[in-house]
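Student: I have a model open on my screen and would like to learn how to read a few of its features with care. Could we go through them one at a time?

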Amino acid sequence: MTLEVLSRPGPIPPAAGSILPARRPRRNVLDLDDFSVAEIEAVLDTATAMKDVLRRPIKKVPTLRGKTLVTLFYEASTRTRVGFEVAAKALGADTVSVAAATSSVTKGESLIDTIRTLQALGADFVVMRHHQAGAPYVVAEEVSASVINAGDGWHAHPTQALLDLFTIRERLGRIGGLRVAIVGDILHSRVARSNLWGLTLMGAEVVLCGPPTLLPVASFCEGLPWKVERTYRLDEALDGADVVMLLRMQLERQTGGLFPSLREYVRTYALTEERLARARPGALVMHPGPMNEGVEIDPRVARGAQSVIEAQVTNGVAVRMALLYLLSGLPA
Amino acid sequence: MIRLVGGRIIDPASGRDEVADLLIDGGRIVEPESVATETVIDVAGYVVAPGFVDLHCHLREPGFEDAETIATGTRAAAAGGFTTVCAQADTRPSVDTGSDVEALLTQARRDAVVRVLPVGTATKQRDGHELSEMADMAAAGAIAFSDDGRAVRSASLMRHALEYSLLVERPISSHAEDPDLVDGGVMHEGPLATVLGLKGVPREAEEIAVARDLALARLTGGRLHLAHLSTGGAVEQVRRAKASGVRVTAEVAPHNLLLSDAAVAERPYDTNARTDPPLRTKHDAEALLEGLRDGTINCVASDHSPRRWIDKACEFDQALPGISGLETAFGLLMRLVHARALGLAELIAALTCRPAGAWGLPYGSLSPGAAADVVVLDPDQAWVVDPERFLSKGKNSPLGGQTLRGTVLLTIADGNIVYRNGL
């Protein structure tokens, strides 16, 4: 019996690489799954130049003068929203911030109505955060503005991954060949997913570590487009790691029955100085924020010499400037 | 009188497969010897089959007329070759009493172009607390009972529903999904859901519920019907249960036989590929097909679930599940025939005498004396799906833009021509 009928002409199936069709020339940044190595390198190189701009006494260039960037956030954020606003202002763009209460959906305004309104008001860039996976794809279908995903549900947070890549390359000189441990609630983490695309594309070795209930089911990992290791034991993940990326642990996972208590989580997974000693000397400690100091990370590690957590925030501005610049299609 | 001349008659109920004329008189199939003929239609080169019988569709009326009505839903059915459709009870109000059944049948007499058979709820308002008035509804014409769209959460109440249904000898159709395991999931739990960051529904949600319902059917002797199976594990359980004498029948939807979770990513986060139960994998589809072939699964049922545009033009988590499927069912299923995975007569049986037999309905046959429900098919004609041209109000189809091979040319329901496409 043949079931050839199931396979019909269409985009490449998931196992073969990018699962979502790419748009060329790039208009949107929805995830890193459709980025090439060259494209990521271009972003990182441009970000280096932008960092120079940020070191100037007058941190402003007129590159995007007359352009409008709208941040549309359905979820709370400090780092990402402010990071985008500072980046846009440094490039001379105007910014408008819309904090859409999630309740507007129940009031009857649909996402599509909201986004058409923003389009009509003349947005050139829409930076969007939403609590549901895939929401920016709905928006990107509707508008001609560039849509940048600033986090959608558990799915993707591409600018976070790009600034993480930038920080790693800046500090360690390369990404390829490094061993990166991502520790915590992988299952519900958009940061982990976007970093998986970016890190594996750039040739890093990734190990995922967390309680069994907060990792993708083992059998699924064989079907994933990323080559990753998976372990429940923090010591195994840290062994020989060049980078340790910690994720925020949320109390709601406890009430949801996914782990017994923060106390047990701290004892099993918190990154302490003793545990960090298992990683390579000089290994970077990263966290996308906001941190729960004393939960996933010991405060001494968070403020220690190996922590680059604040540099991540600063680099976030440079990387977002680079993206806005590249998306605007202006000549170099 | 209508005479269909020179078609290939495939009537799986009688095993007939030959080129012959078919004569219809007064709403009945009659012996073709009669001479006085009013309407003559040349169907040479085409297939003449019994009108399709759909055990599972949602017509949305009353209560959700902006998504579908009996008028539009039955026209869509006619365009898809269906002449009998069983309307699920998840309307507003739901079909809980004999008078609800009568109201639906009255509305159908006025608006429907094909036969509408009402399914009543198993529990009042489908809320899983008290049994519905099955005897009252059966007397008014309900042919089965189901809380479809929801499982009956309480095993005890499901037991009583199966027991009580013995009074009227009608099946209890189960939407077999463990709600605690579904827990807000929106697509098949697997690698793709992991990558897309969407919450998955594991196969076990269906398999655990099917195991429970089969055990209760064994306990009670009640007639259990399993709606829209989606997993290989469920098929295997039904196979064993049937072998051991449990009174169970089962259906599969065309999309679960022919699509997989990959459809969710073909257009990113395609809400039209969100269904309940979700589209699963090729392995499940193969097992479902095997089940259909060996009789474990009795029939194909459309699970036609029309939705408003706004209920699909939104975030994936926000979207309502379902596919507007009546008008694409035959063309989609013909992929199995063209791939030589299923014979044409087998497919027609799965759409006619097999669903009718599962619920004891006197339809799905071309024998003289049978109701004049007839469909004329071109198994080879290719067409491109354009949901905007559906007769259904629901334009929600993940097949938009795809080419299907197999069209419905003519549908006759109860002796009346209700759909005509180029003949």
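Student: Is E169(B) buried or exposed, or does it fall in between?

Tutor: Burial is judged by relative accessible area, where buried means under 20%, exposed means over 50% and partly exposed lies in between (1.4 Å probe, protein chains only). E169(B), at 36%, is partly exposed, and its place is in the loop between α4 (155-164) and β10 (172-174) of chain B, where helices (H or I, at least four residues) and strands (E, at least two) are DSSP runs numbered from the N terminus. The backbone of E169(B) has a positive phi of about 50°, although the residue is not a glycine.

Student: What should I keep in mind about the model and its numbering?

Tutor: This is a predicted model, in which local features need pLDDT of at least 70 and side-chain atom pairs count only at pLDDT 80 or more, whereas totals for chains, interfaces and linings use all residues. Residues are numbered from 1 along each chain as its sequence is written, chains are lettered from A and ligands numbered from 1 in the order in which they are written, and side-chain values use heavy atoms, with hydrogens and water left out.

Student: Where is D303(B) found, and what is its phi?

Tutor: D303(B) is found in the loop between β15 (299-300) and α12 of chain B, and its phi is near 50°, a positive value in a residue other than glycine. D303(B) is buried, with a relative accessible area of 6%. D303(B) is also among the residues that H56(B) touches, as are C86(B), D148(B), H228(B) and H304(B), when residues up to four places away in sequence are not counted; contact here means heavy atoms within 4.5 Å. H56(B) itself lies in strand β6 of chain B and is buried, at a relative accessible area of 0%.

Student: Which peptide bonds are cis?

Tutor: A cis peptide bond joins E61(B) and P62(B), with omega about 5°, and P62(B) sits in the loop between β6 (52-57) and α1 (70-79) of chain B. The bond from D276(B) to P277(B) is cis as well, with omega near 0°, and P277(B) is placed in the loop between α10 and α11 of chain B.

Student: How should I read a helix such as α8(B)?

Tutor: An α-helix has 3.6 residues a turn, so residues three or four places apart point the same way. Helix α8 (residues 232-243) of chain B has 12 residues and reaches 17 Å from its first C-alpha to its last, close to the 16 Å expected, the expected span being 1.5 Å times one less than the number of residues. Its buried residues include A234(B), V235(B), V238(B) and A241(B), and what covers the buried residues of α8(B) includes α7 (203-220), β13 (224-226), β14 (248-252) and α11 of chain B.

Student: How many residues of chain B are in contact with chain A, and what area is buried between them?

Tutor: The size of an interface is often given as the accessible area lost when the parts come together; here that loss is taken with a 1.4 Å probe and summed over both parts. In this model 36 residues of chain B are in contact with 36 residues of chain A, and about 3200 Å² is buried between the two chains, of which carbon and sulfur atoms give 70%. In chain B, T194(B), V195(B) and E315(B) lose the most area to chain A, together 21% of what that side buries.
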